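Subject: The two-chain model, handed over

Hello,

Here is the structure I promised you. Please open it and keep it beside this message while you read.

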Amino acid sequence: MKPILEVSHLSKKYGSFTAVNDISFQLQRNRCIALLGTNGAGKTTTMKMIYAAASITRGRITVDGFDVKKSPSNTKRALGIVSQEDLLDGSLTVYENMIAHGLCYDIPKRELKKRTQNLLTFAGLANYDDKQISDLSGGMRRRLVLARALLNHPKVIILDEPTTGLDIQSRHVIWKKLDQLKSEGVSLLLTSHYMDEVQRLADQVLIIHRGKILASGAPDTLPAKYGYQSLEEAFLALTDFHEEDDHIVQALS
Amino acid sequence: MYKLSLRSIKHVIQLNYMSFRKLFKVSVFPNLLDPILYLIAMGIGLANFVGNVEGMPYFLFVTSGLVAATSMNAATNEATTNAFIQMRVEKTYYAVSMTPVNLQDIIIGQAIWAGIRATIFGTLFLIIAGFLGAIHSWLVIFVPFLLFLNGLLFGLLGLIFTLLVPNRDYLNYYAMLVIQPMYMFSDTFFPVANMPRWLQPYCWLSPLYHAVKVCRGLMLGNPTGIWFHLGWLVVVVILIAGLPIYLVHRRLVY
Ligand SMILES: Nc1ncnc2c1ncn2[C@@H]1O[C@H](COP(=O)(O)OP(=O)(O)O)[C@@H](O)[C@H]1O
Ligand SMILES: [Mg+2]
């Protein structure tokens, strides 16, 4: 089957600095890929290129059969985005933030209101619809951003550290929802710092370091494939090894 | 290049309207207070010492200038302070651009919204001025169109500036060094013809000067020559409309 998201030979340069270096992967329907990497590895930049918030230096991305460079409106229509920053409109209430977002997808008013009610209930924010954004806790904002990302019934959901800073209850609520969406045929692209989250949600893990994919595989089989006991050990070893490598190179030059 | 979508632009205007509706009550007073104060100080107070200017009572001269200036200020506030907050502080531009709406639609939508805002506040002030006897022709019904055109122009101009500035403080420079001089020297409070010779060509460069001429012609029922000034405004809008589209991609997409 044709992948719903296809990233091929993707690179990103900021001036002379290479943030993403020749990354390729394919995301199939109702699958979840997790990008695992230290801060600054290039995860957010990769995601931003996918949702057309960063320009593509080299390579090609297609979403739902459309090319991101050529028809961004079509690719974005298939995406639901939980960005690393919350990006909520402080001049609007919780409810209005949802409506404002849904309008941009041409969702009919009636349907939009219905979806908003349902999603706010799922996010545990049904009683907060009249609240200002500034009245919400960090966890509530995060859940609101997730609810907002589901308004357009996306085919692919992009989640940039969706549960960072959340309490364990909220994380479980979100995981359950993501499981359910996956079973309904939605695909997920996730970044996370939590091994348990990756283990729980991902079918495939890509370990990214300095813009390059160093290892990939299922969370259960990846460690053994590279000769490690656990995902965490593999992750630390793979990323550390290259740090030391660079020190040696620097010392020699 | 960057294709515009009418549908997306419509959505952006709707979003701006949603925020505006909530803040209308708090924003109407400051937006109208400024021209009302000038109207009292100049149009009523100073008028006693001035008599006729260019063949009309000074009160009418000033009021018609203030109607156009009100639209300039309303559009400028929208395109500078409000737009800056949406671009850089709350970053709602990024949130909207995650949907099928693209950045070029957002920026053009906001310029058009600045025009709408200019029409709303300019017309409100026009109505107040009407009660004080400043309307002398049925042609006044065309004034809102002029206010929109002028607002669109200052919306585009303000957005270009807002996209270029490195931080919020620079917006004050725009207000002080660009907008304030135009406010003073665009046939608003006294005829440009009475200004020093060397300054007059600069006044001609002020969009507000042309807007004032049109506004005055319509309010007083003396429309001769307004086509030239209208044409000037339309040409400038067409000339600069592409610039914010180019800049929004240069400045907000990394
Ligand atoms: N707008 C930008 N300009 C210059 N460098 C950037 C920009 N955004 C990110 N970077 C750099 O690119 C690298 C990757 O960043 P990012 O994708 O945010 O990493 P991650 O999400 O994996 O933590 C970092 O070194 C970061 O400093
Ligand atoms: Mg990141």
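This is a predicted model: local features need pLDDT of at least 70, side-chain atom pairs count only at pLDDT 80 or more; totals for chains, interfaces and linings use all residues.

Every value below was computed from it.

**Chain A**

Start with chain A. It holds 9 helices and 10 strands. Its C-alpha trace spans about 65 × 40 × 35 Å along the principal axes.

Next, burial. Of the 253 residues in chain A, 52% count as buried. Then look at contacts between residues at least 6 apart in the sequence of chain A. Among these, 65% join residues at least 24 apart.

**Where the chains meet**

Now bring in chain B. The size of an interface is often given as the accessible area lost when the parts come together. Here the area buried between chain B and chain A is about 2,200 Å². Carbon and sulfur atoms give 59% of that area.

There are polar links too. The rule finds 15 residue pairs in polar contact across the interface of chain B and chain A, with both residues at pLDDT 80 or more.

**Salt bridges**

The count over all chains is 16 salt bridges. Between chain B and chain A the count is 3. Here are some to find on your screen.

Lys155(A) pairs with Asp64(A) in a salt bridge, with the closest N and O atoms 3.0 Å apart. Lys155(A) sits in the loop between α5 (138-149) and β7 (156-160) of chain A, and Asp64(A) in the loop between β4 (58-63) and β5 (66-67) of chain A, so the pair ties together parts 91 residues apart in sequence. Lys155(A) counts as partly exposed, at 41% relative accessibility. Asp64(A) is also partly exposed, at 26%.

The next pair crosses between chains, from Glu96(A) in helix α3 (residues 94-103) of chain A to Lys22(B) in helix α1 of chain B. Their closest N and O atoms are 2.8 Å apart. Is Glu96(A) buried or exposed? Its relative accessible area is 15%, so Glu96(A) is buried. Lys22(B) is partly exposed, with 32%.

Arg171(A) and Asp196(A) form another salt bridge, and their closest N and O atoms are 3.2 Å apart. Arg171(A) lies in helix α6 (residues 168-183) of chain A and Asp196(A) in helix α7 (residues 195-201) of chain A, so the pair ties together parts 25 residues apart in sequence. Arg171(A) counts as buried, at 7% relative accessibility. Asp196(A) is partly exposed, with a relative accessible area of 39%.

Last, a network. Arg31(A), Lys182(A) and Asp203(A) are joined into one by salt bridges that share partners.

Best wishes

How values were computed. Residues are numbered from 1 along each chain as its sequence is written. Chains are lettered from A and ligands numbered from 1 in the order in which they are written. Side-chain values use heavy atoms; hydrogens and water are left out. Buried area is the accessible area (1.4 Å probe) that two parts lose on being put together, summed over both. A salt bridge is a side-chain nitrogen of Lys or Arg within 4 Å of a carboxyl oxygen of Asp or Glu. A polar contact is a pair of N or O atoms within 3.5 Å; within protein, one must be able to donate a hydrogen and the other to accept it, and residues adjacent in sequence count only if both atoms are side-chain atoms. Helices (H or I, at least four residues) and strands (E, at least two) are DSSP runs, numbered from the N terminus. Buried means under 20% relative accessible area, exposed over 50%, partly exposed in between (1.4 Å probe, protein chains only). Contact means heavy atoms within 4.5 Å.
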